[in-house]
Amino acid sequence: KIILFMFILTWTFDTFAYITGVPFGKHKIIEKVSPKKSWEGFIGGTIFTFLATWLIYNINLLNTYFFTHLDSVQIIIITVLIPITATIGDLIESYYKRSAGLKDSGNFIPGHGGMLDRMDAFMITIPTIFIITKIL
């Protein structure tokens with residue numbers, strides 16, 4: 001349940017960071033590492049991540065499904081951290097690709113930069129969520 005919640009929020013962040021970043025992205029986060037990643041996309045993705053949490057939390061059917069093992073503090077912390085951890089994971093993967101002189105990590109998903117681009121956000125997110133749910 002927690003894993004599905006994490007995946008939904010991470011995919012929401014990634015999708016809406018892209019959707020808002022492409023048309024509005026003027027201020028690059030680290031242009032040498034990831035030239036298309038912008039602060040505007042980060043903010044847009046973050047807003048939609050909070051909206052997704054709010055929607056999931058306020059739909060009673062999903063409320064009992066997702067949040068039976070999480071308290072309010074954990075839900076808020078996870079929602080705040082996912083945009084940060086997803087971005088860090090993407091930047092790390094982009095750094096290694098650029099260091100290796102690669103634009104894409106593969107062509108399994110055409111137009112997406114490879115399978116690593118689909119999973120890079122989880123490199124930092126998964127261990128972070130694990131720690132939050134075990135320690136807090």
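The structure is a predicted model, in which local features need pLDDT of at least 70 and side-chain atom pairs count only at pLDDT 80 or more, while totals for chains, interfaces and linings use all residues. Residues are numbered from 1 along each chain as its sequence is written, and side-chain values use heavy atoms, with hydrogens and water left out.

The protein chain holds 6 helices and 0 strands, and from the N terminus on its elements run α-α-α-α-α-α. Helices (H or I, at least four residues) and strands (E, at least two) are DSSP runs, numbered from the N terminus. Of the 136 residues in the protein chain, 38% are buried. Here, buried means under 20% relative accessible area, exposed means over 50%, and partly exposed lies in between, with a 1.4 Å probe and protein chains only. Among contacts with a separation of 6 or more, 69% come from residues 24 or more positions apart; a contact means heavy atoms within 4.5 Å.

The axes of helix α4 (residues 72-99) and α6 come within 7 Å and cross at roughly 155 degrees. Axes are lines fitted to C-alpha atoms, for helices over the stretch in contact, and angles run from 0 to 180 degrees between N-to-C directions. The two helices α4 and α6 are therefore roughly antiparallel to each other. For such descriptions, angles under 35 degrees count as roughly parallel, over 145 as roughly antiparallel, 65 to 115 as roughly perpendicular and the rest as oblique. The crossing of α4 and α6 is right-handed; a crossing has this hand if the near helix is turned clockwise from the far one by less than a right angle, and is left-handed if anticlockwise. On the α4 side, the residues in contact include Ile 77, Leu 81, Ile 88 and Glu 93, and they meet a set in α6 that includes Met 123, Ile 124, Thr 128 and Ile 132. By class, this contact of α4 with α6 has 11 nonpolar, 6 polar and 1 charged residues. Ala, Val, Leu, Ile, Met, Phe, Trp, Tyr, Cys and Pro count as nonpolar, Asp, Glu, Lys and Arg as charged, and the others, Gly among them, as polar.

Helix α1 packs against both of these helices. With α4, the angle is about 50 degrees and the axes are 10 Å apart, which makes α1 oblique to α4. Phe 5, Met 6, Leu 9, Thr 10, Phe 13 and Asp 14 supply the α1 side of this contact, and the α4 side includes Ile 75, Ile 78 and Pro 83. The classes here are 9 nonpolar, 3 polar and 1 charged residues.

With α6 (residues 122-135), helix α1 (residues 2-24) packs at an angle of about 140 degrees, with the axes 11 Å apart. These two helices, α1 and α6, are therefore oblique to each other, and α1 passes α6 in a right-handed crossing. Ile 2, Met 6, Phe 7, Thr 10 and Trp 11 in α1 meet Phe 122, Thr 125, Ile 126, Ile 129 and Thr 133 in α6. This contact has 7 nonpolar, 3 polar and no charged residues.

The whole structure contains 7 aromatic pairs, where rings of Phe, Tyr and Trp (its six-membered ring) pair if their centres lie within 6.5 Å, and planes under 30 degrees apart count as stacked, over 60 as edge-to-face and the rest as tilted. The rings of Phe 7 and Phe 122 have centres 4.5 Å apart and planes at 40 degrees, so this pair is tilted. Phe 7 in helix α1 and Phe 122 in helix α6 are 115 residues apart. Phe 122 is buried, at a relative accessible area of 4%. Trp 11 and Phe 122 form an edge-to-face pair, 6.4 Å from centre to centre with 90 degrees between the planes. Trp 11 is partly exposed, at 45%.

Gly 21, in helix α1, is buried with a relative accessible area of 11%. Leaving aside neighbours within four places in sequence, Gly 21 is in contact with Phe 16, Ser 38 and Gly 41. Ser 94, in helix α4, is buried at 6%, and its contacts beyond four places in sequence are with Val 33 and Ser 34.
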